[in-house]
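The entries follow in the order in which I made them.

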Amino acid sequence: MNVFLLSLLIIAVADFAIIQLLLISARLTKNHVLEYYGRAVASFTALGLCAIYGTISSACLNVVGYGGLGQWTTARAFKWSMWFFTGVWLDIHDEKDWLSTTRPMVMVSNHQSELDVLVLGHVFPRYSSVTAKKSLQYVPVLGWFMALSKTVFIERKSREQAVAAFAKAAAQMHSVKQSVFIFPEGTRSYYDHPDMLPFKKGAFHLAVQAQVPIIPVVVANYSNVLNVKRKIFNQGTIPVTILEPVQTKGKTKEDVDELMESVRSSMLAELKMLTSHARQEGIALQKHDISSAGTTNGLAKASGIDARYNAAA
């Protein structure tokens, strides 16, 4: 164990030295690409350290009967680690404290880039988890962490399996009062302007099946904080708004389409307002800096993580 901890410490120190070297070089040369890679290395370092912490803490919490707190405590660790390593912070505006007073619930958020993992760190209330394909619970380390931290697993190889899986997931949400977080776009949009990809139905089917509220989480466009195409990665504070819960009690699967479109419309309207403020603060790119045609936006293929963490119908 001592050798293991010493190895982790050496790796962390080496990573920190590389990060600082890249960031100092970027400042001296005014090279934003070096700064991009410096903060990218910092982000992966924070993610790796928190993954190790999450697996250990989830195992310990599960032993004492609090496994449902595993993803919450891991997300919080990532929140502070990212602030320390990269200087990126999220300013959460939750006027009526919906996140803390609603349980269980289905949280849905717009999905812009890899940085959205940090959204979990800032908005996750206690007893929350992502959703994942059932097969992932057998993957070493990742699967163990997910199982120990009460991930809501959903198998949907066929329509019948999907219906049964949603019913089981809904029962799990109620039995342990576990909330779930889903990106309904299904993949990262990489938009440099305030817009969202079409929503998939999984989150809304789950909310209706469980008869729990949907809480929309709207993250301002932050294309001047992280922009993968332009190799931009700056520090900054990104505004986030928590919208009023959308009730699903009494709704059925016939209401899913209307529910999905209503939630998407309200989120898009808020996204446009938030991004207007974000541009004034230098968080989002100015209109004249945005790709004129926008043809490269929103065309990224879903990553493994996206596919795993979305129960999209």
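How many helices and how many strands does the chain have? I noted first that the model is predicted, and then that the chain has ten helices and nine strands.

**Entry 1, the chain as a whole.** I looked up burial next and found that 49% of the 313 residues in the chain are buried. For the contacts in the chain with a separation of 6 or more, I noted that 78% are between residues 24 or more positions apart.

Is Thr-86 buried or exposed? I found Thr-86 in helix H3, which covers residues 70-86, and its relative accessible area is 2%, so Thr-86 counts as buried, the limit being under 20%. I then looked for what surrounds this residue: leaving aside residues up to four places away in sequence, Thr-86 touches Arg-39, Ala-42, Ser-43 and Gln-235. A polar atom of the Thr-86 side chain also lies 2.6 Å from the backbone oxygen of Met-82.

I turned to the aromatic rings, for which the count comes to seven aromatic pairs. One of them is formed by Trp-80 and Trp-83, with 6.2 Å from centre to centre and 85 degrees between the planes. Why is this pair called edge-to-face? The angle of 85 degrees is over 60, and therefore the pair falls in the edge-to-face class.

Together, Trp-80, Trp-83 and Trp-89 form one aromatic cluster. I looked up the accessibility of each member in turn: Trp-80 is partly exposed at 47% relative accessibility, Trp-83 is partly exposed with a relative accessible area of 46%, and Trp-89 counts as partly exposed at 23%.

Which ring does the charged end of Arg-264 sit over? I found that the ring belongs to Phe-199, and that the charged end of Arg-264 is 5.8 Å from the centre of that ring.

Methods
Residues are numbered from 1 along each chain as its sequence is written. This is a predicted model: local features need pLDDT of at least 70, side-chain atom pairs count only at pLDDT 80 or more; totals for chains, interfaces and linings use all residues. Side-chain values use heavy atoms; hydrogens and water are left out. Helices (H or I, at least four residues) and strands (E, at least two) are DSSP runs, numbered from the N terminus. Buried means under 20% relative accessible area, exposed over 50%, partly exposed in between (1.4 Å probe, protein chains only). Contact means heavy atoms within 4.5 Å. A polar contact is a pair of N or O atoms within 3.5 Å; within protein, one must be able to donate a hydrogen and the other to accept it, and residues adjacent in sequence count only if both atoms are side-chain atoms. Rings of Phe, Tyr and Trp (its six-membered ring) pair if their centres lie within 6.5 Å; planes under 30 degrees apart count as stacked, over 60 as edge-to-face and the rest as tilted. A charge sits over a ring if NZ of Lys or CZ of Arg is within 6 Å of the ring centre and within 35 degrees of the ring normal.
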